[in-house]
Structure formats: C-alpha cells, structure tokens
Amino acid sequence: MKLEEFRINIARLSRPELAVLADVSASSIKRAEEGENVSPLTRARILAGLSKHLGRNIKLEDIDEFKD
C-alpha cells in the first residue's frame, strides 16, 4: 500500500498530524508519499509515528514507497 493511502485510509491522519507524530516535517511526508528519496532516519520516524498512532508495529514492508 502506498504511504498516502495508508496515512489516509488506515491511520486516518493528515500530513501535519503524521509529521508531528513522526517528528519530521510535513514536506518530508509529502516527499515520501511522492516516491522521492527520504533518509533512513526519516523512514524510521514515519514508521514509528504510524506505529505509535495505531498501537501496532508498522513495518517497512507495509509501505510500498519504502521498498528498495
């Protein structure tokens, strides 16, 4: 599933809300959603923010944009 779809349909978060949870900028979330390169730290923070919000572990494999 793409990050944007996951954020909207599963987590039900806006970009700014996820940015606060993940401790990254909203523009970093946007770049990740558009398939641009983001740092491993940014990826980890986004996954941690989603995991924290949903109360379960969200893995790298769950988000298409993060696959190498």
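How far apart are the mean positions of the positive and negative charges of the protein chain? The mean positions of the 12 positive and 12 negative charges are 3 Å apart. Lys and Arg count as positive and Asp and Glu as negative, with His and the chain ends not counted; a charge is placed at NZ of Lys, CZ of Arg, CG of Asp or CD of Glu.

## Basis of the model

This is a predicted model, in which local features need pLDDT of at least 70 and side-chain atom pairs count only at pLDDT 80 or more, while totals for chains, interfaces and linings use all residues. Residues are numbered from 1 along each chain as its sequence is written, and side-chain values use heavy atoms, with hydrogens and water left out.

## Overall form

The protein chain has 4 helices and 0 strands (DSSP runs, H or I of at least four residues for helices and E of at least two for strands, numbered from the N terminus).

The C-alpha atoms fill a box of roughly 25 × 20 × 20 Å along the principal axes.

## Residue I63

I63 lies in the segment after α4 (40–54). I63 counts as buried because its relative accessibility is 0% (buried is under 20% relative accessible area, with a 1.4 Å probe and protein chains only).

Beyond its neighbours within four places in sequence, I63 contacts M1, L3, F6 and L47 (heavy atoms within 4.5 Å). The C-alpha atoms of I63 and R43 are separated by 9.9 Å, and these residues are 20 apart along the chain.

Note on methods. Buried means under 20% relative accessible area, exposed over 50%, partly exposed in between (1.4 Å probe, protein chains only).
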